[in-house]
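Trainee: I have a new model open and would like to learn how to read it. Could you walk me through it?

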Amino acid sequence: MTLNIHTACWQDVPAIQTLITASAQTLQAPYYPQPVIATALELIGGLEELITTGRFFVAKLEIALIACGGWVQDSIYPEQAEIRSFFVHPEFARQGIATQFLNRCEHDCARHGIKTLYLTATLAGEPFYRQRGFSECGRFRHILSNGAAFELVKMVKTGLSTRSD
């Protein structure tokens, strides 16, 4: 499925939040208990920053938002960027949509001279990022506000090359 991926705008925020909740509650279910997923949703922030930078993207099918994701350049190490907030609606999971978003982000990053990407993956996202060249550089448990531990994986991809297209 080829998507029309475009830059997110402020009007997309309610639909983005709905998408994130639906995606997390369904696609994370094999990896985390539902109370952990519900509480972990409070960790997702920074949409305002991503939208402001123009580096956060959405895809719609008809009027429904079906995917989102973006990147932010590291303020200390400008040749690095963090991949952020990749979510796909459960009805469209495993159809290449996240790959299209990642390709878009990698292309944009390369055009900006970024050579290293990093991210924090959930256990559900880890296999996807590993298949796309990211390596694990650490695991940790984030203690949520309800006291539950939420296991996450730090990942990195180096050697992004500048593309001429």
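**Reading the model**

Mentor: Let's start with E48, which counts as partly exposed at 48% relative accessibility. Buried means under 20% relative accessible area, exposed over 50%, and partly exposed in between (1.4 Å probe, protein chains only). This is a predicted model, where local features need pLDDT of at least 70, side-chain atom pairs count only at pLDDT 80 or more, and totals for chains, interfaces and linings use all residues. Residues are numbered from 1 along each chain as its sequence is written, and side-chain values use heavy atoms, with hydrogens and water left out.

Trainee: Which helix does E48 lie in?

Mentor: Helices (H or I, at least four residues) and strands (E, at least two) are DSSP runs, numbered from the N terminus. E48 belongs to helix α3, residues 47-53.

Trainee: Is S85 buried or exposed?

Mentor: S85 sits in strand β4, residues 80-88, and is buried, because its relative accessible area is 15%. Contact means heavy atoms within 4.5 Å. Leaving aside neighbours within four places in sequence, S85 is in contact with I44, L47, L50, F56, C68 and G69.

Trainee: Which residues have the most contacts inside the largest nonpolar core?

Mentor: A nonpolar core is a set of buried Ala, Val, Leu, Ile, Met, Phe, Trp, Tyr and Cys residues joined through side-chain atoms within 4.5 Å. The largest has 53 residues, and I16, I83, F101 and Y129 have the most contacts inside it. Not counting residues up to four places away in sequence, Y129 touches I83, F86, L119, A121, F134 and M155.

Trainee: Which residues of α4 are buried?

Mentor: An α-helix has 3.6 residues a turn, so residues three or four places apart point the same way. In α4, the buried residues include I97, F101, L102 and C105. Just after α4, G113 takes a positive phi of about 80°.
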